[in-house]
Amino acid sequence: MNKSSDLLPEGLEDRLPASAARITRAMRACLDVLDAHGYDRVRPPLLEFERTLASRMPAGVATQRCFRFVDPVSLRTLALRSDITPQIGRIAATSMANAPRPLRLAYCGDTAVIKASQLDPARERLQLGGELIGADTVAAASEIVTTAIETCQAAGLSGISVDFTLPDLVDTLAAQDAALDAETVEAIRRELDTKDAGGLKAVGGADYLPLLYATGPFAEALDALREFDKAGALTSRIEGLAAIAGRIGDSARITLDPTERHGFEYQSWLGFTLYAEGVRGAVGRGGTYRIGGSDEAATGFTLYLDRLAEGAAEPDAARKVYLALGHDPAAAAKLRSEGARTIAQIGENEDPAALGCTHVLRGTETAPL
């Protein structure tokens with residue numbers, strides 16, 4: 001046999017029982033939290049017409065990360081989704097355009113990208129999230145952030161932290177300075193992205209240097225941002241951040257990096273990243289944005305379930321009971337209703353212990369192996 005024929009493409013992997021079970025438990029816990037907060041689940045398709053999907057995606061991103069091919073039925077180009085959020089925007093703007101606002105929607109599904117990064121080589125992700133559509137307020141943002149934290153906790157994560165950013169920071173500040181042209185603003189944005197103090201001075205952005213140091217633990221960073229914002233251009237954003245932090249309380253550690261834009265290019269005034277102990281990299285992201293095509297305000301978050309499940313606490317193992325031939329079906333059903341897992345005997349030469357069982361049901365009686 002040619003074993004190379006069984007290889008999977010780079011960035012893709014099988015999830016074996018233990019890993020699949022962790023992901024499934026996390027998914028159920030997260031969806032239960034969203035349901036309890038009034039978020040109705042929708043299930044958009046895995047494939048869409050490329051043009052339709054691109055119309056809802058951030059400018060400059062379009063479908064360049066998506067797998068694309070020609071539909072033999074319509075002869076139009078299809079795209080395999082790389083992100084579910086644009087699909088939620090399409091649903092809100094079309095099928096649910098007349099639904100009462102604010103509209104709360106939840107989702108969970110697979111996504112794939114043509115090429116992943118070196119830091120995150122996975123090309124397939126299980127995305128889960130919630131979107132609050134039709135409101136661009138601090139109350140809406142607070143609900144999304146606190147609900148995101150609660151879903152992470154329900155999935156078994158601990159040591160959760162939230163890192164806030166202000167994606168439109170440079171544009172907001174530049175709007176107050178008529179002397180800055182578009183080219184200089186873009187240069188300032190670029191140097192802030194790289195945290196390059198020397199480069200920032202060289203492009204005429206010396207006034208923005210304090211922003212490089214308004215980072216770190218939330219209270220100190222917010223004070224530094226207030227000190228920088230003497231003209232009051234950021235007052236509403238600073239007050240909004242403080243209000244959201246108040247809602248979070250001690251349920252998560254909070255940090256602030258106001259100039260961070262990577263991954264937040266299409267967010268409006270607020271972005272945030274979620275981290276947790278025992279998980280490599282971010283477990284999720286969120287923020288405020290405008291839905292492509294309709295320009296309706298929305299706030300949402302996305303969790304990366306595959307990654308999140310790595311750090312989730314292991315639940316107590318359920319008792320696994322071997323059902324011997326001739327066992328009582330009612331007794332077996334009762335065991336399952338009490339949380340046990342059952343393995344029914346099929347053949348004569350089975351080994352219950354090798355199958356992971358700790359007990360056996362014979363007739364109506366259960367006993368340890």
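**First stop: a salt bridge across the chain**

Select Asp 193, which is partly exposed, with a relative accessible area of 31% (buried is under 20%, exposed over 50%, partly exposed in between, with a 1.4 Å probe and protein chains only). Asp 193 lies in helix H6 and Arg 261 in the loop between strands S9 and S10, so the pair ties together parts that are 68 residues apart in sequence. Helices (H or I, at least four residues) and strands (E, at least two) are DSSP runs, numbered from the N terminus.

A quick note on what you're viewing: this is a predicted model, where local features need pLDDT of at least 70 and side-chain atom pairs count only at pLDDT 80 or more, while totals for chains, interfaces and linings use all residues. Residues are numbered from 1 along each chain as its sequence is written, and side-chain values use heavy atoms, leaving out hydrogens and water.

**Next: Glu 143 and Arg 104**

These side chains also form a salt bridge, 2.8 Å from N to O. Glu 143 is buried at 18%, while Arg 104 is partly exposed at 24%.

**Then: helix H3**

Select residues 85–93: eight of the nine are buried. Those buried residues pack against several elements, including strand S2 and helix H2.

**Last stop: a network**

Pick Asp 136, Arg 290 and Asp 295, which are linked in a network of salt bridges.

Notes:
Contact means heavy atoms within 4.5 Å. A salt bridge is a side-chain nitrogen of Lys or Arg within 4 Å of a carboxyl oxygen of Asp or Glu.
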